Amino acid sequence: MTYRGYQVTVPASWPVVDLAKDPTACVRFDRPAVYLGKSTAQPDCPADAVGRTVGLVLEPLSRQPRSSDGQLAQAVEAAGVLATAYYAPGRVDEARQVLSTGRTTSKATRLAQPRAAAATPSVVATGNLLGGFAFDTCDAPSQSAMDAWLSPKSGYKAVGIYVSGGLRRCAAQPNLTPEWVGTNAAKGWQFLLIDVGLQAPCSNLSSRMSTDPATARAQGRTAAANAVASAQALGFAQRSAIYSDIEAYTSTAACKAAVLSYLSGWTLELNTRGYVGGAYVGAASGGVDLASAYNNTAYTRPDNLWFARWNQVTNTTDDKYIPASMWTNRQRVHQYQGDHLETHGGVEIKIDSNAVNLTAPPAALTGFDATGAYSTAALKWTVPAGNQVIVRRNAGGTTPPPLPNVGTAVYTGTAASTTATGLANATSYAFRAWAKDSTGKIGPGVDTVLIGTGATVAASAPAISYGGAVTLYTRATRKDSGASLVGVPLSLYARAKNSSTWREVARVTSDGTGQASSVQKPTVSTVYAWGYNGSPDLLGSRSGNATIEVKPTITINLAAAIKLGTTTSVYGYLRPQHPGTTAYLQRLTGTSWPTVATTKLNTTGNYGFSIKPTARGTSYYRVVWLADADHATTVSSTKAVIVS
């Protein structure tokens, strides 16, 4: 097969569809084929869009290649061709094999691939559509068709589009671009976003979810993450609902558990990312199973329910399978008519028709910010009028709680600020806040993070004499990277050893290595700690404690030599004065120092002893004062007396 100078080998059984010759032909990925060119007219596609096999689309290189779940896209600049191999789940190797055979010929005309314009997610799908109508069709219609059907010409105000999933039948979607989305949103169209992924394990479709509930839940989360990426690439913002298309199935207990688990994972992941989790189901199969588990806390039910029951009843509640008491908060879409042709503005499209009763969640909070202090954080935000605020936190990193029912509660109310208390030292905290409207719908979360900090403490000496000085050192760092906090104010706090009251005794700016020091002259035994007091980006912290013992100064006076039988004095003073406390006179005996006399210090802190040695030789004396609440034990110098 050769197209515009690009040659590729495909199975001989694949039919070739030339879209230039048949512009209304539907590019269907549920049939093996080679499609050449691009449709120039509204394609004649079925409205439903489930199924996938292996095939190939070759078209002029007018857009950047975009591979996604179920298709591999490759730009062949040498031939000016965009080659897209589509495949069913599990058959990606066949698609790769087809593309691997491609080569350019001498007749190829080089064409550089265009640059893709980055889409800024700004469109909410769906916003408020109360009692309106929507159509869905396999291929996103052309712009001229959308204009021809624009309300009030057709009565439809929203269009269902297939944005992701490996089982989309119409996945080429030549019209479905960010520009198409933006243009139609500006003209008043709303959108229902559909993902066609893994199907119920008891369905007759080839690509099915696991029968293991845990695996099915994980598969749902993966599908949701891919769907969000596809939706954002098209310009759809948070608050948009994305519907997982689960086609009709004959339910069993195991099949039901798998479907409910898959949709639980789907909804949780979408909610975590600020999107609304929706499910498209047959009313008699998925609808029945979802309704039976509506209050079952083992599952997370979808936020929105889109059910297919082709009974021509154009409301969203009159259904025998799904009680009207469920999904009551503007959360329903009813597909009341299946595959049929309608013509509006002279344009005929094959569609499904839907009654819609939906509102979007509230907008996210703005201005959410935190300023750290030690063990607390000041949080503030701007709350949309009429909404409540929910704030929760996670400790130990930068990942906030994904949903408003996990993590640690910080605040719920209508105020515009709060103080988070009880925060652990040297720990990072991630906060997320949600707006909750009067109907109970919760908007996307917004985040702020305070990085934990740490400070060390060290001292030049563990003890000093009364009147002396000690130097306290610190280094402050971030807990996430270990980087130094440079040029920030660091506070030195102190408390008397016998007190629980801290006071700031110095404030020093850290140097280029995050270090600081301060010289202190404590008069009593003192406990010190360094601290960083926090900022809009960083949580405050405190170091451990360093206790500096202050020893009183004690003197001793004793004659150097005396005669045997003579009485002499031992005297001195203690500073600071501790009147009425005990001084102990000790004499060296062998290697120990037994106490030989005691006395009380007088009002000026002085003491005096009388000694009368009873043997000739050299004796050694010292005076000891034992610690109290303010000061450490202190020992005088040793004095020798020669008795002759």
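Helices (H or I, at least four residues) and strands (E, at least two) are DSSP runs, numbered from the N terminus. This is a predicted model, in which local features need pLDDT of at least 70, side-chain atom pairs count only at pLDDT 80 or more, and totals for chains, interfaces and linings use all residues. Residues are numbered from 1 along each chain as its sequence is written, and side-chain values use heavy atoms, with hydrogens and water left out.

**View A. The whole protein, before we zoom in.**
Along the principal axes, the C-alpha atoms fill a box of roughly 135 × 65 × 45 Å. Buried residues (under 20% relative accessible area, with exposed over 50% and partly exposed in between; 1.4 Å probe, protein chains only) make up 49% of the 644. Now think of contacts, meaning heavy atoms within 4.5 Å: of those in the protein with a separation of 6 or more, 67% are between residues 24 or more positions apart.

**View B. Surface and charge.**
The accessible surface (Shrake-Rupley method, 1.4 Å probe) comes to about 26900 Å² for the protein, and 49% of this belongs to carbon and sulfur atoms. How many side chains are positive, and how many are negative? There are 55 positive and 37 negative ones, and the centres of the two sets lie 18 Å apart. Lys and Arg count as positive, Asp and Glu as negative, while His and the chain ends are not counted. Each charge is placed at NZ of Lys, CZ of Arg, CG of Asp or CD of Glu.

Is helix H6 largely enclosed by the rest of the structure, or open? Seven of the 10 residues of H6 (residues 283-292) are buried, so the helix is largely enclosed by the rest of the structure. You can look for the buried ones by name: Ala283, Ser285, Gly286, Gly287, Asp289, Leu290 and Ala291. Among the elements that cover them are helix H5 (253-272), strand E13 (276-282) and strand E14 (304-308).

Follow the chain into the loop between H6 and E14 and you reach Tyr294. This residue is buried, at 15% relative accessible area. Setting aside neighbours within four places in sequence, Tyr294 is in contact with Arg301, Met326 and Trp327. Tyr294 and Trp327 are 33 residues apart in sequence, with 9.1 Å between their C-alpha atoms.

Pro23 sits in the loop between strand E3 (16-18) and strand E4 (34-36), and at 23% relative accessibility it counts as partly exposed. Apart from neighbours within four places in sequence, Pro23 is in contact with Ser39, Thr40 and Ala41. From Pro23 to Pro43 is 20 residues in sequence and 6.9 Å in space, C-alpha to C-alpha. Gln71 belongs to strand E6 (residues 71-76) and is buried, with a relative accessible area of 8%. Its C-alpha atom is separated by 7.9 Å from that of Ala95, 24 residues apart along the chain.

**View F. Two cis peptide bonds.**
Where are they? Thr126 is in the loop between strand E8 (103-104) and strand E9 (129-136). Another cis bond joins Ser151 and Pro152, with omega about 10°. Pro152 is in the loop between helix H2 (143-149) and strand E10 (158-164).

**View G. Two positive phi angles.**
Gln312 is not a glycine, yet its phi is positive, at about 65°. This residue is in the loop between E14 and strand E15 (331-344), and is partly exposed, with a relative accessible area of 47%. Ser375, also a residue other than glycine, has a positive phi near 70°. Look for Ser375 in the loop between strand E17 (366-372) and strand E18 (377-382); at 25% relative accessibility, it counts as partly exposed.

UniProt, in an unreviewed entry, places the feature "domain: Fibronectin type-III" at residues 361-456. UniProt positions follow the numbering used here, feature names are shortened, and annotations may be inferred rather than shown by experiment. Over residues 361-456 the chain is 0% helix and 49% strand, and the end C-alpha atoms are 47 Å apart.
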